[in-house]
Structure formats: C-alpha cells, structure tokens
Amino acid sequence: MKMNKNTVLAWATLIMVIVGLTLIGLGVFRYDDVAGWGFASVGIGFFAIAWVFNALKGRV
C-alpha cells in the first residue's frame with residue numbers, strides 16, 4: 001500500500017482524534033480534581049492540532 005502525503009495526514013488526524021477523545025475521557029471519568037481539567041484541556045488541544053492536519057490535506 002502506497003502512502004502519499006494526504007494519506008499520512010489522514011492517519012495522523014485519526015490518531016490525534018483518538019488520543020484527544022481518550023484524554024477528555026480520562027479528564028471526565030477518571031480524575032475528579034483539578035487534574036481532570038488539565039487532561040480535558042490537553043484533549044481539546046489535540047482536537048485543534050487534528051483540525052490543522054485535516055486542513056492541510058491537499059495543500060502540502
């Protein structure tokens with residue numbers, strides 16, 4: 001299977017979304033104190049980076 005730049009960005013976007021959902025899930029369900037806010041905010045940051053990766057598809 002040949003992977004071009006768009007395929008690599010698509011996989012990176014998918015992985016970033018999965019990690020972001022995992023971090024938000026940890027923040028919501030596992031940590032009830034201040035650490036939960038940190039996990040959730042980092043998860044939202046992963047979503048932002050995944051959004052940039054998705055926007056770069058076809059332009060790089």
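Predicted model: local features only at pLDDT ≥ 70, side-chain atom pairs only at ≥ 80, totals over all residues.
Threonine 13 sits in helix α1. So what does threonine 13 touch, if you don't count residues up to four places away in sequence? Its partners are Ala50, Phe53 and Asn54.

Zoom out to the whole protein. How many helices and strands does it have? You'll find 2 helices and 0 strands. Helix α1 covers residues 5-30, and helix α2 covers residues 34-56. Their axes come within 8 Å and cross at roughly 165 degrees. Angles over 145 degrees count as roughly antiparallel, and α1 and α2 are therefore roughly antiparallel to each other. The crossing of α1 past α2 is left-handed.

Now for the overall dimensions. Along its principal axes, the C-alpha trace spans about 45 × 20 × 10 Å. The radius of gyration is 14 Å, whereas a compact globule of 60 residues would have one near 10 Å.

Next, think about who meets whom along the chain. Take the contacts with a separation of 6 or more: 55% of them are between residues 24 or more positions apart. Distances between C-alpha atoms give you another way to compare sequence with space. Valine 19, in helix α1, is 24 residues along the chain from glycine 43, and their C-alpha atoms are separated by 7.2 Å. Is valine 19 buried or partly exposed? Its relative accessibility is 31%, so valine 19 counts as partly exposed.

Isoleucine 15 also has its place in helix α1. Isoleucine 15 and phenylalanine 46 are 31 residues apart in sequence, and from C-alpha to C-alpha they are 9.6 Å apart in space. With a relative accessibility of 48%, isoleucine 15 counts as partly exposed, because that label runs up to the 50% cut-off for exposed.

Finally, hop over to alanine 55, which is found in helix α2. How far is alanine 55 from leucine 26 in space? The two are 29 residues apart in sequence, and their C-alpha atoms are 27 Å apart. Alanine 55 has a relative accessible area of 40%, so it is partly exposed.

Go back to the structure with these residues in mind. Find threonine 13 in α1, then pick out Ala50, Phe53 and Asn54, which it touches. From there you can trace α1 and α2, roughly antiparallel to each other.

Definitions and conventions
Residues numbered from 1 in each chain as written. Heavy atoms only, no water. Axes fitted to C-alpha atoms, helices over the stretch in contact; angles between N-to-C directions. Helix = DSSP H or I, 4+ residues; strand = E, 2+ residues; numbered from the N terminus. Parallel < 35°, antiparallel > 145°, perpendicular 65-115°, else oblique. Left-handed = near helix turned anticlockwise from the far one by under 90°. Buried < 20%, exposed > 50% of the residue type's maximum accessible area, 1.4 Å probe, protein only. Rg over C-alpha atoms; globule rule 2.2 N^0.38 Å. Contact = heavy atoms within 4.5 Å.
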